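Please walk through this model stop by stop, selecting each item as it comes up.

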Amino acid sequence: ALDDDFRAMFLDEARLAARLNHPNVVQTFEVGETHGRLMIAMEYVEGQPATRARRRLTGEQFPLSAYIRVLCDVLEALEYAHGLADFDGSRLGIVHRDVTPHNIIIGYDGRVKLVDFGIAKSAASMQETQAGVLKGKFGYMAPEQASFGDVDGRADLFSVGVILWEAIAGRRLAEGLSSRDVLLRRVEGHDPKIGEVVPGVDPELARICDRAMARLPEERFDSAAELQTAL
């Protein structure tokens, strides 16, 4: 709270989150300061993160088809965020950069909400990420993000691909690996194909997963809407 750089980053990211208004995105109501401390007031979602739902429920209670439905709602949120424009009509260029099962909340009423746009990248951001600072969870990070390259919305689609991979396989993609090994394998494009791990996977679903997780952004789906349609 006493670091000027962190305060500026907090406010910049909070103001960006406050611009987002979509049924599948947790709403930010207010950004400000109270008693000398910065604060964000957000919508309260009564539910559980996708990680816990998958861990607590059986395959019959929460089948793959239900998880794919959840991912379609997440892609709805990403399509909105990626296409959001400023007041003058220019694209804001928002990229979430941390799409993980931890940041997908499934409400008890069945609604799905994507949370934590706190590290989102935007063309309109005033604060630049410090050199050498890698933001996001390594296990779900796109290769270009892991190698400090330029990222666009297709990096988020890679993350959705990893979540889909894990939903099909029933385990973590990065299971048993150190952060260093995860990053090396990711940057080199050596993550195992879902068909190699689950030979009985539906071929079309495997093709969708492989394309979403393509090493090069131009080989992935062009938009969240296109991936959503495929699913």
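**Stop 1: E144**

Select E144, which lies in helix α4, residues 143-146. The model is a predicted one. Is E144 buried or exposed? With a relative accessibility of 10%, under the 20% limit, E144 counts as buried. Show side chains here: the side chain of E144 makes a polar contact with the side chain of R220, at 2.8 Å. Beyond its neighbours within four places in sequence, E144 is in contact with G149, D150, V151, R154, A155, R215, P217 and R220.

**Stop 2: helix α5**

Next select residues 153-169, helix α5. Its 17 residues reach 25 Å from the first C-alpha to the last, close to the 24 Å expected at 1.5 Å a residue. The helix is mostly covered, with 15 of the 17 residues buried. Just after α5, click on G170, where phi is positive at about 75 degrees.

Continue to G176 in the loop between α5 and α6 (179-188). G176 is exposed, with a relative accessible area of 83%. To see a separation, pick the C-alpha atoms of G176 and R211: they are 25 Å apart in space and 35 residues apart in sequence.

**Stop 3: helix α8**

Select residues 203-212 for helix α8. Which residues of α8 are buried? They are L205, A206, I208, C209 and A212. These residues lie on the same side of α8, because they cover an arc of only 160 degrees around the axis. The face turned away from that buried side carries the exposed residues P203 and R207.

Now display what surrounds the buried residues of α8: they pack against α3 (64-83), α5, α7 (194-197) and α9 (224-230). At the start of α8, look at D202, where a side-chain oxygen reaches to within 3.0 Å of the backbone nitrogen of E204.

**Stop 4: the largest nonpolar core**

In soluble globular proteins, nonpolar side chains tend to be buried together. The largest nonpolar core in this model has 51 residues. Select Y67, L78, I94, I104, L164 and L227, the members that touch the most other members. Then colour α2 (50-56), α3, β4 (104-107), β5 (112-114), α5, α8 and α9, each of which supplies at least two residues of this core.

Centre the view on I104. Leaving out neighbours within four places in sequence, I104 is in contact with Q48, P49, A50, V70, L71, V74, V112, K113, L114 and I163.

**Stop 5**

Move to R7 in helix α1, residues 4-18. Which residues does R7 touch, not counting those up to four places away in sequence? They are A1, E33, G36 and L38. From R7 to R37 the C-alpha distance is 9.6 Å, although the two are 30 residues apart in sequence.

Then select Q27, in the loop between α1 and β1 (28-34). At 16% relative accessibility, Q27 counts as buried. Apart from neighbours within four places in sequence, Q27 is in contact with A18, L20, N21, H22, M42 and E43.

**Last stop: confidence**

Finally, colour the chain by pLDDT. The average is 89, and 92% of the residues score at least 70. Over residues 126-133 the pLDDT is below 50, and this stretch has ten contacts in the model beyond near neighbours in sequence.

Technical notes: Residues numbered from 1 in each chain as written. Predicted model: local features only at pLDDT ≥ 70, side-chain atom pairs only at ≥ 80, totals over all residues. Heavy atoms only, no water. Helix = DSSP H or I, 4+ residues; strand = E, 2+ residues; numbered from the N terminus. Expected span 1.5 Å × (residues − 1). Buried < 20%, exposed > 50% of the residue type's maximum accessible area, 1.4 Å probe, protein only. pLDDT = per-residue confidence, 0-100. Contact = heavy atoms within 4.5 Å. Arc of directions from axis to C-beta. Polar contact = N/O pair within 3.5 Å; in protein donor to acceptor, adjacent residues only side chain to side chain. Core = buried A, V, L, I, M, F, W, Y, C linked by side-chain atoms within 4.5 Å.
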